Amino acid sequence: MGSGWKLGWGVLGVAAALVLAAIGLHPRAKPGPVESLRAGPSTTVDNRAELAAVGRDLSLMRAELAGLKERVYQAPLPASAREEQITEPPPSAPEPVTLDAAQVHFDQVFQQEVLDSSWARAEEASIGEFVKREGGDGSSLENVTCRSSMCRMQLRFSDDRSRDAFKLKLGTPPLNNGGFYREQGETGLVYFAARAGHPLATVPAE
Amino acid sequence: MKMSRAISLGVGGLLGLLLISNAWAATTAGYGGTGCRQVFSASSGFADGVIARNQSSSSVTFVCGAAQLGGAISKWRVSVRDTTPVGQVTCFAQASSEFDTGGFVSPSASSGVTFTGNIALGAGLAGTTSSVANGSKNVTCTMPANGSYEGSGIASFSITEL
(Lines give C-alpha, C1' and ligand atoms only; values in the text may rest on other atoms or scores of the structure.)
Protein backbone atom coordinates (compact mmCIF):
# COMPACT_ATOMS: atom_id res chain seq x y z
CA MET A 1 0.00 0.00 0.00
CA GLY A 2 2.36 2.74 -1.10
CA SER A 3 2.75 5.26 -3.83
CA GLY A 4 1.95 2.64 -6.48
CA TRP A 5 -1.48 2.06 -4.93
CA LYS A 6 -2.09 5.80 -4.80
CA LEU A 7 -0.96 6.23 -8.37
CA GLY A 8 -3.38 3.48 -9.38
CA TRP A 9 -6.30 5.30 -7.77
CA GLY A 10 -5.13 8.55 -9.28
CA VAL A 11 -5.06 7.11 -12.77
CA LEU A 12 -8.46 5.53 -12.12
CA GLY A 13 -9.82 8.94 -11.07
CA VAL A 14 -8.56 10.66 -14.19
CA ALA A 15 -9.86 7.80 -16.37
CA ALA A 16 -13.28 8.10 -14.72
CA ALA A 17 -13.25 11.84 -15.36
CA LEU A 18 -12.42 11.29 -19.02
CA VAL A 19 -15.20 8.72 -19.39
CA LEU A 20 -17.67 11.11 -17.79
CA ALA A 21 -16.49 13.89 -20.05
CA ALA A 22 -16.94 11.66 -23.11
CA ILE A 23 -20.49 10.77 -22.04
CA GLY A 24 -21.26 14.40 -21.38
CA LEU A 25 -20.06 15.47 -24.86
CA HIS A 26 -21.80 12.63 -26.71
CA PRO A 27 -24.22 14.07 -29.32
CA ARG A 28 -27.03 11.75 -28.24
CA ALA A 29 -26.72 12.67 -24.60
CA LYS A 30 -29.83 14.08 -23.00
CA PRO A 31 -29.92 17.88 -22.85
CA GLY A 32 -28.78 19.25 -19.50
CA PRO A 33 -30.42 22.08 -17.56
CA VAL A 34 -28.51 24.77 -19.51
CA GLU A 35 -29.57 23.28 -22.86
CA SER A 36 -33.12 22.91 -21.60
CA LEU A 37 -33.21 26.58 -20.73
CA ARG A 38 -31.82 27.53 -24.13
CA ALA A 39 -34.26 25.22 -25.91
CA GLY A 40 -37.22 27.04 -24.53
CA PRO A 41 -39.08 28.07 -21.40
CA SER A 42 -39.14 25.44 -18.69
CA THR A 43 -41.25 25.20 -15.63
CA THR A 44 -40.10 25.77 -12.06
CA VAL A 45 -40.96 22.13 -11.36
CA ASP A 46 -38.48 20.98 -14.07
CA ASN A 47 -35.71 23.16 -12.65
CA ARG A 48 -36.33 21.86 -9.14
CA ALA A 49 -36.16 18.29 -10.39
CA GLU A 50 -32.88 18.99 -12.18
CA LEU A 51 -31.40 20.63 -9.10
CA ALA A 52 -32.51 17.74 -6.91
CA ALA A 53 -30.83 15.28 -9.29
CA VAL A 54 -27.60 17.32 -9.25
CA GLY A 55 -27.76 17.44 -5.47
CA ARG A 56 -28.12 13.65 -5.27
CA ASP A 57 -25.17 13.13 -7.63
CA LEU A 58 -23.05 15.55 -5.63
CA SER A 59 -23.88 13.78 -2.37
CA LEU A 60 -22.90 10.43 -3.86
CA MET A 61 -19.61 11.83 -5.12
CA ARG A 62 -18.87 13.47 -1.78
CA ALA A 63 -19.41 10.13 -0.03
CA GLU A 64 -17.14 8.40 -2.53
CA LEU A 65 -14.44 11.05 -2.07
CA ALA A 66 -14.62 10.71 1.71
CA GLY A 67 -14.21 6.95 1.42
CA LEU A 68 -11.20 7.28 -0.85
CA LYS A 69 -9.60 9.89 1.42
CA GLU A 70 -10.02 7.52 4.35
CA ARG A 71 -8.21 4.79 2.43
CA VAL A 72 -5.39 7.12 1.35
CA TYR A 73 -4.78 8.62 4.80
CA GLN A 74 -4.90 5.41 6.80
CA ALA A 75 -4.28 5.48 10.52
CA PRO A 76 -0.99 3.82 11.66
CA LEU A 77 -1.34 0.08 12.12
CA PRO A 78 -0.89 -1.55 15.53
CA ALA A 79 2.49 -3.17 16.16
CA SER A 80 1.15 -6.69 15.57
CA ALA A 81 -0.13 -5.76 12.11
CA ARG A 82 3.04 -3.82 11.26
CA GLU A 83 5.10 -6.95 11.83
CA GLU A 84 3.50 -8.54 8.78
CA GLN A 85 4.06 -5.42 6.68
CA ILE A 86 7.67 -4.60 7.46
CA THR A 87 8.56 -4.54 3.78
CA GLU A 88 5.93 -1.90 3.04
CA PRO A 89 6.73 1.83 3.14
CA PRO A 90 4.77 4.11 5.49
CA PRO A 91 1.21 4.79 4.23
CA SER A 92 1.66 8.56 3.95
CA ALA A 93 4.52 11.03 3.73
CA PRO A 94 5.59 12.10 7.23
CA GLU A 95 6.84 15.67 7.64
CA PRO A 96 10.49 16.20 8.59
CA VAL A 97 10.90 16.63 12.36
CA THR A 98 13.44 18.13 14.74
CA LEU A 99 15.84 15.96 16.76
CA ASP A 100 14.35 17.30 20.00
CA ALA A 101 10.84 16.29 18.97
CA ALA A 102 12.01 12.84 17.88
CA GLN A 103 13.86 12.15 21.12
CA VAL A 104 10.96 13.32 23.28
CA HIS A 105 8.62 11.12 21.22
CA PHE A 106 10.75 7.98 21.51
CA ASP A 107 11.38 8.57 25.22
CA GLN A 108 7.61 8.73 25.77
CA VAL A 109 6.90 5.66 23.64
CA PHE A 110 9.66 3.75 25.41
CA GLN A 111 8.40 4.67 28.90
CA GLN A 112 4.91 3.42 28.02
CA GLU A 113 6.04 0.05 26.67
CA VAL A 114 5.37 -3.14 28.55
CA LEU A 115 8.28 -5.44 29.33
CA ASP A 116 8.97 -8.59 27.35
CA SER A 117 11.47 -9.81 29.90
CA SER A 118 12.95 -12.84 28.15
CA TRP A 119 13.66 -10.93 24.91
CA ALA A 120 14.77 -7.79 26.78
CA ARG A 121 17.37 -9.53 28.98
CA ALA A 122 18.88 -11.41 26.03
CA GLU A 123 18.98 -8.27 23.87
CA GLU A 124 20.59 -6.17 26.60
CA ALA A 125 23.34 -8.79 26.98
CA SER A 126 23.86 -8.94 23.24
CA ILE A 127 24.14 -5.14 22.95
CA GLY A 128 26.61 -5.08 25.84
CA GLU A 129 28.83 -7.57 24.04
CA PHE A 130 28.54 -5.65 20.79
CA VAL A 131 29.60 -2.33 22.32
CA LYS A 132 32.51 -4.01 24.10
CA ARG A 133 33.64 -5.52 20.78
CA GLU A 134 32.94 -2.63 18.38
CA GLY A 135 32.90 0.52 20.50
CA GLY A 136 36.63 1.14 20.35
CA ASP A 137 39.10 2.00 23.12
CA GLY A 138 37.65 4.11 25.88
CA SER A 139 34.02 3.50 24.96
CA SER A 140 31.45 2.44 27.51
CA LEU A 141 27.81 1.47 27.59
CA GLU A 142 26.51 3.66 30.40
CA ASN A 143 23.10 2.00 30.37
CA VAL A 144 20.87 -0.11 28.16
CA THR A 145 17.24 -1.03 28.76
CA CYS A 146 15.01 -3.05 26.47
CA ARG A 147 11.23 -3.32 26.77
CA SER A 148 9.16 -5.07 24.07
CA SER A 149 9.71 -3.35 20.73
CA MET A 150 12.87 -1.32 21.29
CA CYS A 151 15.95 -0.78 23.41
CA ARG A 152 17.24 2.53 24.71
CA MET A 153 20.97 2.84 25.32
CA GLN A 154 23.36 5.55 26.38
CA LEU A 155 26.97 5.32 25.26
CA ARG A 156 30.16 7.26 25.96
CA PHE A 157 33.21 7.39 23.69
CA SER A 158 36.78 8.54 24.12
CA ASP A 159 36.32 11.27 21.53
CA ASP A 160 34.07 12.56 18.76
CA ARG A 161 35.90 10.53 16.12
CA SER A 162 35.28 7.24 17.95
CA ARG A 163 31.62 8.15 18.25
CA ASP A 164 31.35 8.90 14.52
CA ALA A 165 33.06 5.60 13.70
CA PHE A 166 30.57 3.75 15.90
CA LYS A 167 27.61 5.37 14.13
CA LEU A 168 28.74 3.66 10.92
CA LYS A 169 28.25 0.30 12.65
CA LEU A 170 24.57 0.84 13.40
CA GLY A 171 23.68 -1.61 10.61
CA THR A 172 25.53 -4.46 12.32
CA PRO A 173 23.68 -7.08 14.44
CA PRO A 174 22.25 -6.76 17.02
CA LEU A 175 21.69 -3.13 15.93
CA ASN A 176 20.57 -4.04 12.40
CA ASN A 177 16.83 -3.37 12.68
CA GLY A 178 16.86 0.39 12.37
CA GLY A 179 16.59 3.08 15.01
CA PHE A 180 17.15 6.68 16.01
CA TYR A 181 20.41 8.18 17.32
CA ARG A 182 21.20 11.50 18.97
CA GLU A 183 24.54 12.87 19.99
CA GLN A 184 24.85 14.17 23.54
CA GLY A 185 27.63 16.61 24.33
CA GLU A 186 31.11 15.99 22.94
CA THR A 187 31.30 12.24 23.35
CA GLY A 188 27.88 10.87 24.32
CA LEU A 189 25.30 9.09 22.19
CA VAL A 190 21.77 7.92 22.90
CA TYR A 191 20.33 5.27 20.59
CA PHE A 192 16.84 3.79 20.32
CA ALA A 193 17.22 0.43 18.59
CA ALA A 194 14.18 -1.21 17.01
CA ARG A 195 13.43 -4.88 17.56
CA ALA A 196 13.27 -7.08 14.44
CA GLY A 197 9.81 -6.77 12.89
CA HIS A 198 8.96 -3.70 15.02
CA PRO A 199 10.05 -0.60 13.09
CA LEU A 200 10.08 2.62 15.09
CA ALA A 201 6.84 4.57 14.97
CA THR A 202 6.65 7.65 12.78
CA VAL A 203 7.35 10.81 14.77
CA PRO A 204 4.23 13.03 14.65
CA ALA A 205 4.65 16.43 12.98
CA GLU A 206 5.00 19.35 15.41
CA MET B 1 -28.36 16.37 -16.53
CA LYS B 2 -25.57 18.30 -18.24
CA MET B 3 -24.79 20.18 -15.06
CA SER B 4 -24.45 16.99 -13.04
CA ARG B 5 -22.05 15.61 -15.64
CA ALA B 6 -20.02 18.79 -15.52
CA ILE B 7 -19.83 18.47 -11.75
CA SER B 8 -18.88 14.81 -12.11
CA LEU B 9 -16.13 15.81 -14.49
CA GLY B 10 -14.81 18.45 -12.14
CA VAL B 11 -14.91 16.30 -9.03
CA GLY B 12 -13.47 13.28 -10.84
CA GLY B 13 -10.66 15.33 -12.30
CA LEU B 14 -9.83 16.96 -8.98
CA LEU B 15 -9.93 13.57 -7.26
CA GLY B 16 -7.55 12.15 -9.86
CA LEU B 17 -5.16 15.07 -9.46
CA LEU B 18 -5.35 14.80 -5.66
CA LEU B 19 -4.46 11.12 -5.72
CA ILE B 20 -1.72 11.57 -8.29
CA SER B 21 -0.15 14.35 -6.22
CA ASN B 22 -0.10 11.98 -3.23
CA ALA B 23 1.75 9.45 -5.35
CA TRP B 24 4.65 11.88 -5.75
CA ALA B 25 7.95 10.51 -4.58
CA ALA B 26 11.44 11.65 -5.47
CA THR B 27 14.34 9.35 -6.19
CA THR B 28 18.02 10.23 -6.14
CA ALA B 29 20.34 7.79 -7.86
CA GLY B 30 24.11 7.73 -8.27
CA TYR B 31 27.10 5.59 -9.13
CA GLY B 32 29.43 4.24 -6.47
CA GLY B 33 32.56 5.74 -8.00
CA THR B 34 31.13 9.24 -8.20
CA GLY B 35 28.53 9.32 -5.41
CA CYS B 36 30.25 7.37 -2.60
CA ARG B 37 33.14 8.38 -0.34
CA GLN B 38 35.27 6.26 1.95
CA VAL B 39 35.07 7.11 5.64
CA PHE B 40 36.96 6.06 8.79
CA SER B 41 39.07 3.34 7.22
CA ALA B 42 42.81 2.93 7.59
CA SER B 43 43.03 1.16 4.26
CA SER B 44 41.99 2.87 1.10
CA GLY B 45 39.04 2.25 -1.10
CA PHE B 46 38.97 4.12 -4.39
CA ALA B 47 36.81 5.10 -7.31
CA ASP B 48 37.45 2.97 -10.37
CA GLY B 49 35.43 4.77 -12.99
CA VAL B 50 31.86 4.61 -11.78
CA ILE B 51 32.55 1.84 -9.24
CA ALA B 52 33.57 2.40 -5.61
CA ARG B 53 36.05 -0.39 -4.86
CA ASN B 54 37.84 -1.94 -1.94
CA GLN B 55 40.86 -4.00 -2.99
CA SER B 56 42.57 -3.72 0.36
CA SER B 57 43.09 -6.43 2.94
CA SER B 58 40.66 -4.94 5.45
CA SER B 59 37.09 -3.68 5.36
CA VAL B 60 36.22 -0.19 4.11
CA THR B 61 33.07 1.84 4.74
CA PHE B 62 31.58 3.98 1.98
CA VAL B 63 28.90 6.64 2.46
CA CYS B 64 26.82 7.36 -0.65
CA GLY B 65 25.06 10.71 -0.39
CA ALA B 66 21.73 11.76 -1.85
CA ALA B 67 20.03 15.13 -2.09
CA GLN B 68 17.47 16.00 0.56
CA LEU B 69 14.29 16.16 -1.50
CA GLY B 70 11.38 15.27 0.73
CA GLY B 71 10.44 13.29 3.83
CA ALA B 72 11.28 9.85 5.09
CA ILE B 73 13.17 7.31 3.00
CA SER B 74 10.53 4.98 1.54
CA LYS B 75 12.86 2.81 -0.54
CA TRP B 76 16.56 2.34 -1.04
CA ARG B 77 18.67 0.07 -3.16
CA VAL B 78 22.37 -0.45 -3.68
CA SER B 79 24.01 -2.72 -6.23
CA VAL B 80 27.16 -4.29 -4.78
CA ARG B 81 29.81 -6.88 -5.55
CA ASP B 82 31.03 -9.27 -2.87
CA THR B 83 33.98 -11.41 -3.96
CA THR B 84 34.83 -13.07 -0.67
CA PRO B 85 33.16 -16.16 0.85
CA VAL B 86 34.37 -15.18 4.31
CA GLY B 87 33.11 -11.60 4.56
CA GLN B 88 29.97 -9.73 3.52
CA VAL B 89 28.72 -6.37 2.34
CA THR B 90 26.36 -4.69 4.81
CA CYS B 91 24.36 -1.57 3.94
CA PHE B 92 21.72 0.63 5.53
CA ALA B 93 19.99 3.91 4.69
CA GLN B 94 20.05 6.94 6.92
CA ALA B 95 18.14 10.23 7.24
CA SER B 96 20.40 12.47 9.33
CA SER B 97 20.38 16.00 10.64
CA GLU B 98 22.35 18.74 8.92
CA PHE B 99 25.62 18.06 10.79
CA ASP B 100 24.83 14.42 11.62
CA THR B 101 24.16 15.06 15.29
CA GLY B 102 21.19 12.71 15.09
CA GLY B 103 19.06 10.78 12.67
CA PHE B 104 16.99 7.79 11.64
CA VAL B 105 18.52 4.50 10.55
CA SER B 106 16.80 1.89 8.37
CA PRO B 107 17.04 -1.85 8.92
CA SER B 108 20.22 -3.10 7.27
CA ALA B 109 20.76 -5.65 4.51
CA SER B 110 23.75 -7.94 3.98
CA SER B 111 24.99 -10.01 1.07
CA GLY B 112 25.66 -13.02 3.34
CA VAL B 113 29.01 -14.33 4.50
CA THR B 114 29.25 -17.24 2.05
CA PHE B 115 27.81 -15.31 -0.91
CA THR B 116 30.06 -14.21 -3.76
CA GLY B 117 28.93 -12.28 -6.82
CA ASN B 118 26.80 -9.26 -7.60
CA ILE B 119 23.65 -8.53 -5.62
CA ALA B 120 21.17 -5.69 -5.05
CA LEU B 121 20.65 -4.90 -1.36
CA GLY B 122 17.80 -3.00 0.23
CA ALA B 123 15.13 -3.68 -2.40
CA GLY B 124 11.90 -4.56 -0.61
CA LEU B 125 13.28 -3.56 2.77
CA ALA B 126 11.80 -0.79 4.92
CA GLY B 127 13.37 2.67 4.86
CA THR B 128 13.25 5.17 7.71
CA THR B 129 10.00 6.02 9.48
CA SER B 130 10.81 9.75 9.69
CA SER B 131 13.36 12.33 8.56
CA VAL B 132 15.05 15.35 10.09
CA ALA B 133 14.33 18.90 8.96
CA ASN B 134 17.22 20.39 6.92
CA GLY B 135 19.03 17.08 7.01
CA SER B 136 20.68 14.71 4.56
CA LYS B 137 20.08 11.22 3.18
CA ASN B 138 22.63 8.54 2.50
CA VAL B 139 23.30 4.84 2.10
CA THR B 140 26.22 3.51 4.16
CA CYS B 141 27.94 0.28 3.09
CA THR B 142 30.74 -1.61 4.79
CA MET B 143 32.72 -3.54 2.20
CA PRO B 144 34.71 -6.63 3.14
CA ALA B 145 38.39 -7.16 2.44
CA ASN B 146 39.16 -8.25 -1.10
CA GLY B 147 38.50 -11.87 -2.03
CA SER B 148 39.98 -11.51 -5.51
CA TYR B 149 41.82 -8.95 -7.58
CA GLU B 150 38.63 -6.98 -8.20
CA GLY B 151 37.72 -6.71 -4.54
CA SER B 152 34.31 -5.65 -3.25
CA GLY B 153 32.53 -2.74 -4.86
CA ILE B 154 29.46 -0.53 -5.20
CA ALA B 155 28.12 -0.06 -8.72
CA SER B 156 25.08 2.15 -8.13
CA PHE B 157 22.62 3.25 -5.48
CA SER B 158 19.25 4.96 -5.20
CA ILE B 159 17.16 6.50 -2.46
CA THR B 160 13.44 7.24 -2.79
CA GLU B 161 11.84 9.76 -0.45
CA LEU B 162 8.17 10.22 0.22
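1. A disulfide joins Cys91(B) to Cys141(B), with an S to S distance of 2.1 Å. The model is predicted. The link is right-handed, with 115 degrees about the S-S bond. It connects distant parts of the chain: Cys91(B) sits in strand E7 (residues 90-96) of chain B, and Cys141(B) in strand E11 (residues 136-143) of chain B, 50 residues apart. Cys91(B) has a relative accessible area of 0%, so it is buried. Cys141(B) is buried too, at 0% relative accessibility.

2. Chain B has another disulfide, between Cys36(B) and Cys64(B), S to S 2.1 Å. Its torsion about the S-S bond is 100 degrees, and the link is right-handed. This pair also links distant parts of the chain. With the bonded cysteines of chain B numbered in sequence order, the pairing reads 1-2, 3-4.

3. In chain A, Cys146(A) and Cys151(A) form a disulfide, with sulfur atoms 2.0 Å apart. The torsion about this S-S bond is about 105 degrees, so the disulfide is right-handed. Cys146(A) is buried at 0% relative accessibility. Cys151(A) is buried as well, with a relative accessible area of 2%. The count over all chains is three disulfides.

4. Thr28(B) lies in strand E1 (residues 26-31) of chain B. Is Thr28(B) buried or exposed? At 15% relative accessibility, Thr28(B) counts as buried, because the cut-off is under 20%. Leaving out residues up to four places away in sequence, Thr28(B) touches Ala66(B), Ala67(B) and Leu69(B), and also Phe157(B), Ser158(B) and Ile159(B).

5. Arg195(A) lies in the segment after strand E4 (188-194) of chain A, and Asp116(A) in the loop between helix H5 (99-112) and helix H6 (117-134) of chain A, so the pair ties together parts 79 residues apart in sequence. Asp116(A) is partly exposed, with a relative accessible area of 24%.

6. The side chains of Glu142(A) and Arg156(A) also meet in a salt bridge, 3.2 Å from N to O. Here too, distant parts of the chain are linked. Glu142(A) is in strand E1 (residues 140-146) of chain A, and Arg156(A) is in strand E2 (residues 150-156) of chain A, 14 residues apart. Glu142(A) is partly exposed at 43% relative accessibility. Arg156(A) is partly exposed at 29%.

7. Lys167(A) and Asp164(A) form a salt bridge through their side chains, 3.2 Å from N to O. Both residues lie in helix H7 (residues 160-167) of chain A, three residues apart, about one turn of the helix. Lys167(A) is buried, with a relative accessible area of 3%. Asp164(A) counts as partly exposed, at 23% relative accessibility.

Technical notes: Residues numbered from 1 in each chain as written. Chains lettered and ligands numbered in written order. Predicted model: local features only at pLDDT ≥ 70, side-chain atom pairs only at ≥ 80, totals over all residues. Heavy atoms only, no water. Helix = DSSP H or I, 4+ residues; strand = E, 2+ residues; numbered from the N terminus. Buried < 20%, exposed > 50% of the residue type's maximum accessible area, 1.4 Å probe, protein only. Contact = heavy atoms within 4.5 Å. Disulfide = S-S within 2.5 Å. Salt bridge = Lys/Arg side-chain N within 4 Å of Asp/Glu carboxyl O.
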